Amino acid sequence: MKWFNTLSHNRWLEQETDRILDFGKNAAVPTGFGWLGNNGQVRSDMGTHLWITARMLHVYAVAANMGRPGAYALVEHGINALNGPLRDKQHGGWYACVNDEGVMDASKQGYQHFFVLLGAASAVTTGHPQARRLLDDAIEVIERYFWSEQEQMCLESWDEAFSKTEDYRGGNANMHAVEAFLIVYDVTHDRKWLDRALRIASVIIHDVARNGEYRVNEHFDASWNPIRDYNIDNPAHRFRAYGGTPGHWIEWGRLMLHLRAALEARFETPPAWLLEDAKGLFHATIRDAWAPDGADGFVYSVGWDGKPIVRERVRWPIVEAMGTAYALYTVTGEAQYEAWYQKWWDYCIKYLMDYENGSWWQELDTNNEVTTKVWDGKQDIYHLLHCLVIPRLPLAPGLAPAVAAGLLDSLAK
């Protein structure tokens, strides 16, 4: 069977895209975009997180470029939130979390700021008059506080006043920096963002993960030495899980192929290891994390021996896996990647897609029943957008710029 680049499959993806975009509209609150519960209603107890608001700005920038009525108003809503309640006008940067009463978490998190960078860059592609200023502000904060010229890598976090940073260095934050840097490059055409993305990938993937059977280490000290027992007592942490998080391995694979495509679009020869390591990450994820206990689904985390630790099936890993399968098929033309893509869609429609309450379930147990060990609620629709839109686009430019350029479904036959 052929699905990739067919009008019939793309029409199905389009229908599901509209379903989740409609679900996501419920997240708009006065302070930004809230945390959506399983019933699609905002959970006010969770506050308004910077990462959710910035990611939803990115989502609805893509939707606006797709010509979806109402999406541009949500782009404006996201920009206003980042210029208003979530912005620290005294110290700079953005608060991690606020609510209607004020600031809940004043820390300055790299992971969250890289999503501001992504959201702002995506918003620029809509032509919103305030978007470029927001992007310039985000770039200034990243340059000043989160990109380390000395290390040629990204720092993890700061306190409210940007006076003290963690000794910890995180692979998750640096991965999302790569994602944002690629879109910033598409918008600004400044080559340094590609150079930085390549540097980060070379350290975390080519230097460390490749030499560890592609089990990606995400926890490092200030000298970029791996900390292999980090969070061993809190293995199900949402952002810093102990051991390997295979969903990130396969997500890295796709980002490296976008980077490869961006270099090729400049008529440059990308390093061969970008494709080699993307393949290695893809197959390592299947080797360690796909149905290791007999039931289908990707386990959330594994140990350094490849054995499962947190066996719950969280939504975003399989979503990212489908995007990477498409990216590898695009580059190699190998049928195995389309076969995996189809297998994973069959799994999603059987277990994850929630037609009664909207969107997709966020987490399943080992029997593929809904649970909440790691995540509670349906937070946002950022990852879902990737498996629904990326398989209809070339690998460069990135998501919002490609849709803005009219490339959606350009490959369909």
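Guide: Let's start at Phe162, which sits in the loop between β9 (157–158) and β10 (169–170). Strands here are DSSP runs of E with at least two residues, helices are runs of H or I with at least four, and both are numbered from the N terminus. The model is predicted, so local features need pLDDT of at least 70 and side-chain atom pairs pLDDT 80 or more, while totals for chains, interfaces and linings use all residues. Residues are numbered from 1 along each chain as its sequence is written, and side-chain values use heavy atoms, with hydrogens and water left out.

Visitor: What makes Phe162 count as buried?

Guide: Its relative accessibility is 7%. Buried means under 20% relative accessible area, exposed means over 50%, and partly exposed is in between (1.4 Å probe, protein chains only). Phe162 therefore counts as buried.

Visitor: Which peptide bond is cis, and how do you know that?

Guide: The bond from Ala396 to Pro397 has omega near 0°, and it is cis. Pro397 lies in the loop between α12 (382–389) and α13 (399–404).

Visitor: Is Tyr72 buried, exposed or partly exposed, and what makes it so?

Guide: Tyr72, in helix α3 (residues 71–83), has 37% relative accessibility, so it counts as partly exposed. Setting aside residues up to four places away in sequence, Tyr72 touches Ala64, Thr126, Gly127, His128 and Pro129; contact means heavy atoms within 4.5 Å. Tyr72 and His128 are 56 residues apart along the chain, and their C-alpha atoms are separated by 8.4 Å.

Visitor: And Pro129, buried or exposed?

Guide: Pro129 counts as exposed, because its relative accessibility is 69%. Pro129 is in the loop between α4 (110–124) and α5 (131–146). Its C-alpha atom is 9.5 Å from that of Glu76, which is 53 residues away along the chain.

Visitor: How do you know how α7 and α9 are oriented to one another?

Guide: The axes of α7 (residues 192–208) and α9 (residues 273–289) come within 11 Å and cross at roughly 45°. That makes α7 oblique to α9: angles under 35 degrees count as roughly parallel, over 145 as roughly antiparallel, 65 to 115 as roughly perpendicular, and the rest as oblique. Axes are lines fitted to C-alpha atoms, for helices over the stretch in contact, and angles run from 0 to 180 degrees between N-to-C directions.

Visitor: Which residues meet where α7 packs on α9?

Guide: From α7 come Leu198, Ala201, Ser202, Ile205 and His206, and from α9 Trp273, Leu274, Asp277 and Leu281. They divide into six nonpolar, two polar and one charged. Ala, Val, Leu, Ile, Met, Phe, Trp, Tyr, Cys and Pro count as nonpolar, Asp, Glu, Lys and Arg as charged, and the others, Gly among them, as polar.

Visitor: What makes α7 and α8 oblique?

Guide: α7 and α8 pack at an angle of about 140°, with their axes 11 Å apart. That angle makes α7 oblique to α8. In this contact, Leu194, Ala197, Leu198, Ile200, Ala201, Ile204 and Ile205 in α7 meet Trp252, Met256, Leu259, Ala262 and Leu263 in α8. By class, there are 12 nonpolar, no polar and no charged residues.

Visitor: How many residues are in the largest nonpolar core, and what makes it a core?

Guide: It has 149 residues, and those with the most contacts inside it are Phe181, Trp252, Trp344, Trp345 and Trp360. Such a core is a set of buried Ala, Val, Leu, Ile, Met, Phe, Trp, Tyr and Cys residues joined through side-chain atoms within 4.5 Å. Beyond its neighbours within four places in sequence, Phe181 has contacts including Phe114, Ile142, Trp193 and Ile200.

Visitor: Is Ile318 buried or exposed, and how do you know that?

Guide: Ile318 has a relative accessible area of 2%, so it is buried. It is found in helix α10 (residues 315–332). Leaving aside neighbours within four places in sequence, Ile318 is in contact with Trp290, Phe298, Trp344, Tyr347, Cys348 and Leu352.
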